[in-house]
Amino acid sequence: MEATAAPSRQARGHVASPPGGDEEKSPPERTVYMDYNATTPLEPEVVQAMAAAMREAWGNPSSPYPAGRKAKDVIDAARENLARMIGGEARDIVFTSGGTESNNLVIHSVVTHFHKMHTSKGDTARCGSAAEGALPHIVTCTVEHDSIRLPLEHMVEEQVAAVTFVPVSKVSGQAEADDILAAVRPTTCLVTVMLANNETGVVMPIPEIGRRIRALNQQRAAAGLPVVLLHTDAAQALGKRRVSVEDLGVDFLTIVGHKFYGPRIGALYVRGLGDQTPLHPMLFGGGQERTFRPGTENTPMIAGLGKAAELVTENCEAYEAHMRDVRDYLEERLLAEFGEKIHLNSLFPGTERLPNTCNFSCRGPQLQGRLVLAQCRTLLASVGAACHSDHGDRPSPVLLSCGIPFDVARNALRLSVGRSTTRAQVDLVVQDLRQAVAQLEGRPGAGAAS
């Protein structure tokens, strides 16, 4: 669908085909996809790996004969590739249906473990001054994905757990380590903070939070308090920057394939699975995934996920450099075209952000984000998270939490570039935005981008 040819592989490593096919098949009305934080196309190598698994690894991975062993070998190789991508151990990887399941599994496991330990010990002294029947406590922040926020809100409603939602800083856009640690209570058993925000691209200080939780856990052990486990949802970061579970110091890490040019399947990293860190299944059935996630494995999807992880391991620096160059060029062109009318919502001085994400608003009473997109003829993008697409004209809660004024947040657009996005496509998008804004403001020359 995209009108401009992708940059050469020699220039920046492997790239994926633009969504919709190559230039020869482009429709007369050219479009440019800039919603890679919502989903990505499959890399050709990923498609090939999945097709090969469908042809050659069709057996049940639990079966002892050659077709089953072939499928098991494919799954084992994919597990190794995922572990290499995040600097972990293959035995600590559990395949899931995606990020939502992985996040729910973490929350379910930690709460279940707390209740089991509390009941078996029958010892309220382990939770300090907590009264009998004390609830497990979880700390998170106000800009998490719905697959974290909604399960936690449900647990509060059901009186299964207590939760503290820590506001992000309006200066940095981050969940500050000081604020996260200040929210910890004697009954706290989990801190869950995303690695990078899907709307602003802000990277959270997970390494610092991890270091401080480890130090805190030493003190808590001496006091007989439960350990605090650390989880991060790395859905948006993987494939855009290097991710190491050792550097982050996390106990759990969520992996989502379709965010890094893989299939719509996921995985969960669990440090010292079953020994060091508890994991309690939500499903019961066969013994697949060591009973932590039963169900006959989807070998082709797992094969594709493993290939996507392998490509990230091999090419991450090239991917990151290319996306940063194109994103920075996009912001330069927006500022040059619109001047003071533009507000960069995702730019917080001194704060690291993803290399591909640009969240901005065009100031003006007629320039709500949805209205601007509706006038665009070339740009395919969103006003925020895809899972919030039914929120109407309400501003993004994430942007409001970050201190973006209501009228500015209401006009927000999220543009996220990918491995195949070019500067020429940026020029087309800026031209398209110019005509869209002119249309909405009723200015002459509104058809300039046609």
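This is a predicted model: local features need pLDDT of at least 70, side-chain atom pairs count only at pLDDT 80 or more; totals for chains, interfaces and linings use all residues.
**R79 and E289.** I then looked up where the two partners sit. R79 belongs to helix α3 (residues 66–86) and E289 to the loop between β8 (266–270) and α9 (299–338), so the bridge ties together parts 210 residues apart in sequence.

**Other salt bridges.** I ran the search over the whole structure and got 22 salt bridges.

Next I checked D35 and R414, whose side chains meet in a salt bridge at 3.1 Å, N to O. This pair links distant parts of the chain, 379 residues apart. D35 is in the loop between β1 (32–33) and α2 (44–56), while R414 is in strand β12 (residues 412–416). I looked up accessibility for both. D35 counts as buried because its relative accessibility is 11%, under the 20% cut-off. R414 comes out at 1%, so R414 is buried as well.

For D407 and R410 I found a salt bridge at 3.6 Å, N to O. R410 has a relative accessible area of 27%, so I wrote R410 down as partly exposed.

I also noted a network of salt bridges that links D146, R149 and E153.

**Largest pocket.** How much space lies in the largest pocket? I get about 480 Å³. The lining has 25 residues, and the closest to the pocket centre are N217, V227, V228, L229 and D251. I sorted the lining by class and got 13 nonpolar, 7 polar and 5 charged residues.

Which element gives the most to this lining? It is α4, with 5 residues. The elements that each supply at least two lining residues are α4 (99–121), α7 (206–223) and β6 (229–233).

**Cavities.** My search of the whole structure turned up 3 cavities of 30 Å³ or more. I opened the second largest cavity, which holds about 60 Å³ of space. It is lined by 13 residues, and T40, K240, K259, Y261 and M323 are the closest to its centre. By class I have 6 nonpolar, 4 polar and 3 charged residues in that lining. On the approach in general: rolling a probe the size of a water molecule over the atoms shows where empty space is left.

**Nonpolar cores.** The largest nonpolar core has 89 residues. I listed the members with the most contacts inside it: I86, L253, I255, F360 and L433. The biggest contributor to this core is α9, which gives 14 residues.

I picked L433 from that list and asked what L433 touches, leaving out residues up to four places away in sequence. The contacts are L334, F338, F360, V372, C376, L379 and L413.

L229 was already in my notes as one of the residues closest to the centre of the largest pocket.

Conventions. Residues are numbered from 1 along each chain as its sequence is written. Side-chain values use heavy atoms; hydrogens and water are left out. On a 1 Å grid over the protein atoms alone, a cavity is a set of points where a 1.4 Å probe fits but cannot get out, and a pocket is an open set with protein on both sides within 12 Å along at least five of seven lines; lining residues have an atom within 4 Å of a point. Grid points are joined across faces, edges and corners, and a volume is the space filled by probe spheres set on the points. Helices (H or I, at least four residues) and strands (E, at least two) are DSSP runs, numbered from the N terminus. Ala, Val, Leu, Ile, Met, Phe, Trp, Tyr, Cys and Pro count as nonpolar, Asp, Glu, Lys and Arg as charged, and the others, Gly among them, as polar. A salt bridge is a side-chain nitrogen of Lys or Arg within 4 Å of a carboxyl oxygen of Asp or Glu. Buried means under 20% relative accessible area, exposed over 50%, partly exposed in between (1.4 Å probe, protein chains only). A nonpolar core is a set of buried Ala, Val, Leu, Ile, Met, Phe, Trp, Tyr and Cys residues joined through side-chain atoms within 4.5 Å. Contact means heavy atoms within 4.5 Å.
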